[in-house]
Amino acid sequence: MTTATDTAYDRLLAISREAGLLGSIDGLLGWDQETTMPPGGAVHRAKQLALIARLSHERLASAEVGDLLAACEDAMDVSADTVEAANLRAIRHDHDRAVRLPATLVEEIAATASTAQHEWAEARAASDFDRFRPWLEKTVDLCRRKAECYGWASDGEPWDALAEDYEPGCTAAGVAEVFGPLRDRLRTLLDEIADADTRPSGRLDEIELPEAAQMAFSREIAEAIGFDFSRGRLDRSTHPFCGGSHCDDVRMTTRFHPAMVTDALSSTMHESGHGMYEQGLPYEHIGTPCGHSVSLGIHESQSRMWENQVGRSASFWRWAAPKLAAHFGDAVAGIDAELAYQSANRVVPGFIRVEADEATYNMHVMIRFELERALMTGDLPVADLPTAWNEKYREYLGVEVPDDRRGCLQDIHWSMGALGYFPTYTLGNLYCAQFFESACDAIPGLVDGFAEGRFQPLLDWLRENIHRHGRRHSPAQLCERVTGRPLSADPLMRHLEAKFRPLHGI
Ligand code: ZN
């Protein structure tokens, strides 16, 4: 590199770091809004967040960034496997997308989303799809216009352009190729479970336990699996999430029900997985692509690994069950490791995605993917959504959706204009299972170690293979590098079959 290129690259990184700083302020304001802000702060907070979003977008889309990128690309090999080349590829990707969207469309999307979310909340409360329908029609139309601005490959479709924001490189055809076999094998497993005479016991989750003790239990487990409380916090919120400022200041939340302690625990372990990924990102690259997570799917692979592969394993409960008595005393008398393991693994097909168990969860996501893909192509008119939704629930999960509140109005995503988002949940589960098989191959006795509280080897492996790379590789490249194979449905199905068949006497 010449000195002039050094200067251009340094300036580009300085702009990226500044945008990263703005993003970290946005993260803190968002956390505060969900945890401690009084209701009266909402109007001014919306203005603060809008200003930060605009400043961030202006930096990324600026002509200066375009010029600096061009100068660096002339002088450097951007396909090289180096930090510099990876940063240039990622900034080019983000800059091109930012400049392709006209500011007027960005504003129209933001304004529509704000009203559509409000209308969605009212429509959901009243279970009145007709109230939300015109807003969803407008949202789908805006998403099509947005997709046209971004463009898609000649053999692709508009949905691909939207998904790129959440999972770079992801296409509807690619998703369908993995989801098809997953759906078929899952259907078979769910049929076997429905016909089984044996059911896991839910006894632990029938016991009401005080919230303060559930919080203390959750904190102890989060710390034991590796969440660093000197660089993070755990609070409560209605919907658990993980946010915050940066790798040394990670804010996560969990939720509590009077009964259902396994829900509090799985929410905590899930968010701890997100949090430990953030804490594992390299500080020296903070604010630049190599200090940022890869994608929503890879992020979700980290949360699901601690929630499911660890926290719902029999080995984990051999270690965790004795801690129940220490926190909850006589209330949990008679709950041993086996009963706790069973409570964490009940399978009940239902209507609500966020309450779904590990076996049925992906069906909810696949239904949404098929529907939003059809909404984008126009094959499914918005007016027909409730009927199509209910048919798929009947076909995939064998349940009759009682009303739209518990049907197509249950999720906030589409009202926010976030079409293309849902598949990242299932991609996360697929990446998770595939990564975990590789971790088991690499670390002898990994799962048995959970029974003795040995979680560090898994965290070390994730740090080495995934966290420290930031956005250096695309999701698909990362998967190939870590597991030696492209993403497939097989590891997840092996995991689910190996767990749920014995639990149901199959
Ligand atoms: Zn998550």
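Ground rules before we start. This is a predicted model: local features need pLDDT of at least 70, side-chain atom pairs count only at pLDDT 80 or more, and totals for chains, interfaces and linings use all residues. Residues are numbered from 1 along each chain as its sequence is written, and side-chain values use heavy atoms, with hydrogens and water left out.

Domains. The protein chain splits into domain 1 (4–151) and domain 2 (172–503). Those bounds come from an automatic or database domain assignment. The C-alpha centres of the two domains lie 26 Å apart. Domain 1 gives 39 residues to the contact, and domain 2 gives 41 residues. Contact here means heavy atoms within 4.5 Å.

Now the metal. Which protein atoms are the donors of the zinc ion? They are NE2 of His 270, NE2 of His 274 and OE of Glu 300, at 2.1 to 2.2 Å from the zinc ion. A donor is an N, O or S atom within 2.8 Å of the metal, or 3.2 Å for Na, K and Ca; water is not among the atoms, so sites may look incomplete. Along the sequence, the donor spacing reads H-x3-H-x25-E.

His 270 and His 274 are about one helical turn apart, because they sit 4 residues apart in helix H10 (residues 261–280). Helices are DSSP runs of H or I with at least four residues, strands are runs of E with at least two, and both are numbered from the N terminus. Are these histidines buried or exposed? His 270 is buried, at 9% relative accessibility. His 274 is buried too, at 10%. The cut-offs: buried is under 20% relative accessible area, exposed is over 50%, partly exposed is in between, with a 1.4 Å probe and protein chains only.

Next, the sheet. Three strands form an open sheet in the order S1-S3-S2, with mixed pairing. At the edges are strand S1 (232–236) and strand S2 (242–246), and each pairs on one side only. On average, neighbouring strands are turned by 20 degrees against each other, direction ignored. Two strands pair if DSSP finds at least two bridges between them. S1 and strand S3 (residues 249–254) run parallel, over 5 bridges. Asp 235 stands opposite Thr 253 in S3. Helix H9 (residues 211–225) lies across S1 and S3, at about 155 degrees to S1. Axes are lines fitted to C-alpha atoms, for helices over the stretch in contact, and angles run from 0 to 180 degrees between N-to-C directions.

Cysteines. How many disulfides are there, taking a pair of cysteine sulfur atoms within 2.5 Å as the rule? The count is 0. Cys 143 is in no disulfide, and its nearest cysteine sulfur, in Cys 149, is 12 Å away. Cys 143 is buried, at 4% relative accessibility. Cys 247 is buried, at 7%.

Ser 127 is not a glycine, yet its phi is positive, about 50 degrees. Ser 127 is in the loop between helix H5 (103–126) and helix H6 (129–150). It is partly exposed, at 25%. Met 260, also not a glycine, has a positive phi of about 70 degrees. Met 260 is in the loop between S3 and H10, and is partly exposed at 32%.

How values were computed:
Disulfide = S-S within 2.5 Å.
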